[in-house]
Amino acid sequence: MAALNKLTAVRIRTAPSGRHGDGGGLYLDKTADGGKWLYRYTFSGKRRDMGLGSMSAVTLAQARQQRDRWAAVLASGRDPIAERAREREANATRDDPSLADLVDTVFGALKHTLKGQGEAGRWMSPLRVHVLPALGRRPVSSLRTADFVRVLQPIWRSKPSTAEKAFSRLRLCYRKGKRLGHPIDPDTLDAARELMGDLHISPEHIAATRWQDAPALFQRLSGDTSGLMCLRLLLLTAVRGDAARGAHFSEISGAVWTVPKERVKGQLKAASDFRVPLSTQAVAIIDEARRLSNDPEGGLLFPGDRGTAISQNALLKAIDKIGEPGRPHGFRTTFRTWVQDTLDGSHDLAAETALGHVIGSKVRRAYARSDMLDQRAVLMQRWADYVTGEAA
């Protein structure tokens, strides 16, 4: 230990300008107006000097701690200067992440609340396609309003719905990043939106079959392929496509089909299982699917070619093949318009509930908790009778 810790606080104050050794490679380079600490070592046959900070900012005890730390790094076979650079880079990445890293962090924190871990809803798609290719590698602190205008302006008018999703998700990432302590100013994004002007999003109505043509369409959908049977069930039940495409026999109990919340529209944390009353005609389709299935107890009602759930594209191909311009999702409009045109207003609440729509305020829903299953069963049987021609 004789060779170590040669300096003292008094000696540091009274020492003349020049280099003074403390031992173990620690030196103080003193000048007339201050000084700085230095760790000298040899790595791969080359002598290297590593700055440890100024004398005014780093005490003698702190300088010795740094010397001992970097000496241990050197003893392990690593270059202290290279190791410190690596650590600083890692810390800089944590404190000032790239936009892509920030988006990944935020998405990772919220994807458990999204259907299919966010993949079904394609939460990341607007950012991956339109924002991250140009800005993803940039540190968030370096991004300015002009950068966001540059990537969003091309789609602000041509693809307003996509632009709105991209902007809202960027703003969410910025707000959460700010709370994490990153050098982020959310006003940067708000200023970009002001510069680009208001979004004009015109509702795009999905093509729907006229209710008067529903019986003829049902006949044209005859056949025992997964696509045609799924389309017939969609027409009779007015459920969303995701619910029917992923249906399992285990979800069916008698004349009630319980769609699990994972396939119900909305955020996963706010969704709940949805009971669907089945008409006799819908039950007949399910029985036919069970007869054709290799797993009639718990398997898929409508498997695709690879044994997984039939895809949305497969349904579109099936309906295009028969020349029907109406879309599968439009069947819901077909049903709802039939209720409006042929039944009195007393059926509206049951019809909206059948479509899985949220009705009334949060307070009202807290008290009115019925899913109107019995009323919907009567309504859906009446609809099925019309569609299949049995009402005549």
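Is tryptophan 338 buried or exposed, and what is its relative accessible area? Tryptophan 338 is buried, at 4%. Buried means under 20% relative accessible area, exposed over 50% and partly exposed in between, with a 1.4 Å probe and protein chains only.

The model is predicted: local features need pLDDT of at least 70, side-chain atom pairs count only at pLDDT 80 or more, and totals for chains, interfaces and linings use all residues. Residues are numbered from 1 along each chain as its sequence is written, and side-chain values use heavy atoms, with hydrogens and water left out.

**View 1. Phenylalanine 335 and tryptophan 383 form an edge-to-face aromatic pair.** Rings of Phe, Tyr and Trp (its six-membered ring) pair if their centres lie within 6.5 Å; planes under 30 degrees apart count as stacked, over 60 as edge-to-face and the rest as tilted. The count by this rule is 10 aromatic pairs. In this pair, phenylalanine 335 and tryptophan 383 are 5.6 Å apart centre to centre, with 70° between the planes. Phenylalanine 335 belongs to helix α15 (residues 331–342) and tryptophan 383 to helix α18 (residues 373–388), so the contact ties together parts 48 residues apart in sequence. Helices (H or I, at least four residues) and strands (E, at least two) are DSSP runs, numbered from the N terminus. Phenylalanine 335 is buried, with a relative accessible area of 0%. Tryptophan 383 is buried too, with a relative accessible area of 0%.

**View 2. Tryptophan 338 and tyrosine 386 form a stacked pair.** Their centres are 6.1 Å apart, and the planes make 20°. Tryptophan 338 sits in helix α15 and tyrosine 386 in helix α18, so this pair also ties together parts 48 residues apart in sequence. One aromatic cluster holds Trp211, Phe335, Trp338, Trp383 and Tyr386.

**View 3. Arginine 69 has its charged end over the ring of tryptophan 70.** The distance to the ring centre is 4.3 Å. A charge sits over a ring if NZ of Lys or CZ of Arg is within 6 Å of the ring centre and within 35 degrees of the ring normal. Arginine 40 lies over the face of tyrosine 27, at 5.9 Å from the ring centre.

**View 4. Strands β2 (residues 26–31) and β3 (residues 34–43) pair in the antiparallel sense.** They share 6 bridges; two strands pair if DSSP finds at least two bridges between them. Aspartate 29 stands opposite lysine 36 in β3. The β2 and β3 hairpin has 2 residues between the strands.
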